[in-house]
Amino acid sequence: MVAPSPYSLIATDLDGTLLRDDDTLSERSLAALARAGRAGARHLVVTGRPAPRVRPLLDDLGCTGLAVCGQGAQVYDAGADRLLWSVTLDRELAETALGKIEAEVGQVYAAVDQDGVDGLTLIEPGYLMPHPTLPALRVARRDDLWCAPISKVLLRHHTLSDDELAATARSVVGSLATVTMSGPGTVELQPCGVTKATGLALAAGHLGLSPGQAIAFGDMPNDIPMFEWAAHGVAMANAHPELKALADEITASNEDDGIAAVLERLFD
């Protein structure tokens with residue numbers, strides 16, 4: 001029999017957190033999540049990946065419920081393969097934000113995630129995908145990025161670090177968009193005011209769960225709002241220093257099954 005736990009909601013980031021560096025799920029992590037599920041806890045994936053890029057992983061997890069995608073801009077129902085909620089980034093505002101950033105740092109390379117359950121990831125010339133396993137369609141020019149509604153813009157710079165690019169973007173973008181840093185080589189622009197906490201709160205409310213019942217796991221600054229929302233935030237050993245500074249607990253790395261180690265303790 002699994003002992004009771006104070007947490008009924010387990011919110012996990014994917015990249016650098018639940019997933020290993022090769023984008024796989026360990027048997028130990030799957031077993032720990034299954035054990036928590038048998039005790040009545042609900043698992044919510046809360047990721048920067050858009051819904052179409054999350055579906056195969058949700059299948060691996062056996063998830064037929066909700067997932068928070070696109071940095072909180074999408075609440076996806078895996079069982080019905082539909083978005084319960086989504087918000088898009090205005091494409092004119094995105095272009096203006098890019099112009100302001102490039103006025104400060106020179107050329108950046110951009111990609112976009114289109115909205116919708118079948119939305120594509122489009123990348124302009126010069127942009128390199130930080131996750132080569134994720135499918136993307138290269139377009140001929142930047143204007144082609146704006147051919148359909150988008151949930152976010154991804155940015156890279158040939159010399160600036162992610163921290164430097166994110167800091168500059170925040171200083172000039174203002175209310176045009178929310179700037180996040182979600183992983184190596186991944187600085188993003190998303191709808192203003194939208195964060196992982198936005199989507200997490202909506203999904204949790206749909207499930208009848210509250211922040212006081214939630215434990216969250218993450219590794220990057222884009223997980224900070226999720227940690228601020230949840231009762232307990234657990235940073236991975238490989239996490240960004242900004243997230244570690246706010247965490248209630250630090251566990252082992254994603255490669256060493258850090259999530260499983262915590263869940264095994266809570267649901268022993």
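Which element gives the most to the lining of the largest pocket? The legends below take up this question together with the other spaces in the protein, and the model they describe is predicted.

**View 1. The whole protein, seen as a single fold.** The secondary structure of this predicted model comes to 9 helices and 14 strands, and the C-alpha trace spans about 60 × 40 × 30 Å along its principal axes. A compact globule of 268 residues would have a radius of gyration near 18 Å, and because the protein has 18 Å, the two values agree.

**View 2. The largest pocket and the elements that line it.** The space in the largest pocket is about 350 Å³, and of the 18 residues that line this pocket, Arg42, His43, Leu61, Gly62 and Cys63 are the closest to its centre. Two or more residues of the lining come from each of α2 (27-38) and β2 (42-45), and the answer to the opening question is α2, which gives the most, with 5 residues. Sorted by class, the lining of the largest pocket has 12 nonpolar residues, 5 polar ones and 1 charged one.

**View 3. The second largest pocket.** About 250 Å³ of space lies in the second largest pocket, where 16 residues form the lining and Asp15, Gly16, Asp21, His131 and Pro184 are the closest to the centre. The elements α1 (14-18) and β10 each give two or more residues to the lining of this pocket. The lining of the second largest pocket divides into 5 nonpolar, 6 polar and 5 charged residues.

View 4. Rolling a probe the size of a water molecule over the atoms shows where empty space is left. The structure holds 1 cavity of 30 Å³ or more, and about 250 Å³ of space lies in the largest cavity. Its lining is made up of 24 residues, and those nearest the centre of the cavity are Arg49, His131, Lys152, Thr186 and Glu188. At least two residues of this lining are supplied by each of four strands, namely β6 (109-114), β9 (150-156), β10 (178-183) and β11 (186-190). By class, the residues that line the largest cavity are 7 nonpolar, 9 polar and 8 charged.

Technical notes:
Residues are numbered from 1 along each chain as its sequence is written. This is a predicted model: local features need pLDDT of at least 70, side-chain atom pairs count only at pLDDT 80 or more; totals for chains, interfaces and linings use all residues. Side-chain values use heavy atoms; hydrogens and water are left out. On a 1 Å grid over the protein atoms alone, a cavity is a set of points where a 1.4 Å probe fits but cannot get out, and a pocket is an open set with protein on both sides within 12 Å along at least five of seven lines; lining residues have an atom within 4 Å of a point. Grid points are joined across faces, edges and corners, and a volume is the space filled by probe spheres set on the points. Ala, Val, Leu, Ile, Met, Phe, Trp, Tyr, Cys and Pro count as nonpolar, Asp, Glu, Lys and Arg as charged, and the others, Gly among them, as polar. The radius of gyration is taken over C-alpha atoms; the globule rule is 2.2 Å times the number of residues to the power 0.38.
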